[in-house]
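User: I'm new to this one and would like to go through it slowly. Could you set out the terms as we go along?

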Amino acid sequence: MLRNLEVKLETVKSEVTERLPEIQPCPTVQPTCPPQPEVKMNEPCYRCEAGWEHHGGKCYYFSTRKSPWNESRADCRAEGGDLVKIDSREEQSFLRKIIQQKMKGDEDRFWMGLTDSAAEGSWVWVDSSPLNESLTFWSSNEPDDRREEDPDGEDCGRMGPMNWSDKSCKSPQRSICAKPAESLCVSDRSPSFDSLKKSFENFGNMFKNAFNL
Ligand SMILES: [Ca+2]
Ligand SMILES: [Ca+2]
């Protein structure tokens, strides 16, 4: 029995010795990681993919390609977003400033996610919410549902350098896609000063009670 074990041990030893030269030292070069997308310091909680612009928790993409409204919308959805819905005065003015920089002529305008194709004059956003009449930015005389270009009229909303206008949905336009930005923060609700203060007070009381102070 013992002899058998000794023989086995010798075999294992010789195998290990034989195979030792096969073991190579690890390369000293550290593996490299792909660079992380740049995070703007003033908005440290959100990140957008390359080519998308961040503002107020949303990422925006301004297309260079022109296509009809339906096609533009499908392109946005394929990227996990949708044509933009404007939720505030502040958002409108942010987008307007960017558009002014990107436009290469007065007709170089952008589709947004607004349409009255289901019922003429009833403007609805792509998330099915009706247009809030107190938050509209139509140019004067718009929407006018003109029929010169398209007998079906103008049922899709587009953004210009200042305000909105309606346009034939078949007309090729650039577009603005939007989607929620990726949140880098664990929770938007970090403990408030008051709740921290309360926790310390509770702890203090426990301590006092425990030692009869
Ligand atoms: Ca219309
Ligand atoms: Ca019009």
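Analyst: Let me begin with a definition: two residues are in contact if their C-beta atoms, placed from the backbone, lie within 7 Å. A residue is buried if 20 or more other C-beta atoms lie within 10 Å of its own, exposed if 12 or fewer, and partly exposed in between. This is a predicted model, in which local features need pLDDT of at least 70 and side-chain atom pairs count only at pLDDT 80 or more, while totals for chains, interfaces and linings use all residues. Residues are numbered from 1 along each chain as its sequence is written, and chains are lettered from A and ligands numbered from 1 in the order in which they are written.

User: Okay, how many helices and strands are there in the chain?

Analyst: The chain has 4 helices and 10 strands, where helices (H or I, at least four residues) and strands (E, at least two) are DSSP runs numbered from the N terminus. Along the sequence they follow the pattern α-β-β-β-α-β-α-β-β-β-β-β-β-α.

User: What share of the residues count as buried?

Analyst: Of the 213 residues in the chain, 20% count as buried. As for contacts between residues at least 6 apart in sequence, 64% of them join residues at least 24 apart.

User: Let's look at helix α2. Which of its residues are buried?

Analyst: In α2, the buried residues are W69, S72, R73 and C76. They are on the same side of α2 because they cover an arc of only 100° around the axis, the arc being that of the directions from the helix axis to the C-beta atoms.

User: And what do those buried residues pack against?

Analyst: The buried residues of α2 pack against β4 (82-83), β5, β7 and β9. Just after α2, G80 takes a positive phi of about 85°.

User: Why does S72 count as buried?

Analyst: S72, which lies in helix α2 (residues 69-78), counts as buried because it has 27 C-beta neighbours inside 10 Å. Not counting residues up to four places away in sequence, S72 touches S63, S67, L83, W111, Q173 and S175. The C-alpha atoms of S72 and D82, which are 10 residues apart along the chain, are separated by 8.9 Å.

User: What about E90, is that buried or exposed?

Analyst: E90, in helix α3 (residues 89-102), counts as exposed because it has 11 C-beta neighbours inside 10 Å.

User: Switching topic: which residues have the most contacts inside the largest nonpolar core?

Analyst: A nonpolar core is a set of buried Ala, Val, Leu, Ile, Met, Phe, Trp, Tyr and Cys residues joined through C-beta atoms within 7 Å. The largest one has 23 residues, and those with the most contacts inside it are L83, V84, M112, I176 and C177. Two or more residues come from each of β3 (58-62), α2, β5 (110-115), β7 (156-159) and β9 (174-180), and β5 gives the most, with 4 residues. Leaving aside neighbours within four places in sequence, V84 is in contact with Y60, M112, G113, I176, C177 and A178.

User: Last one, then: how does β7 pair with β5 and with β8?

Analyst: Two strands pair if DSSP finds at least two bridges between them. β5 and β7 pair in the antiparallel sense over 3 bridges, and the bridge partner of T115 in β7 is C156. β7 also pairs with strand β8 (residues 164-167) in the antiparallel sense, over 4 bridges, with G157 opposite D166 in β8. A hairpin joins β7 to β8 through 4 residues.
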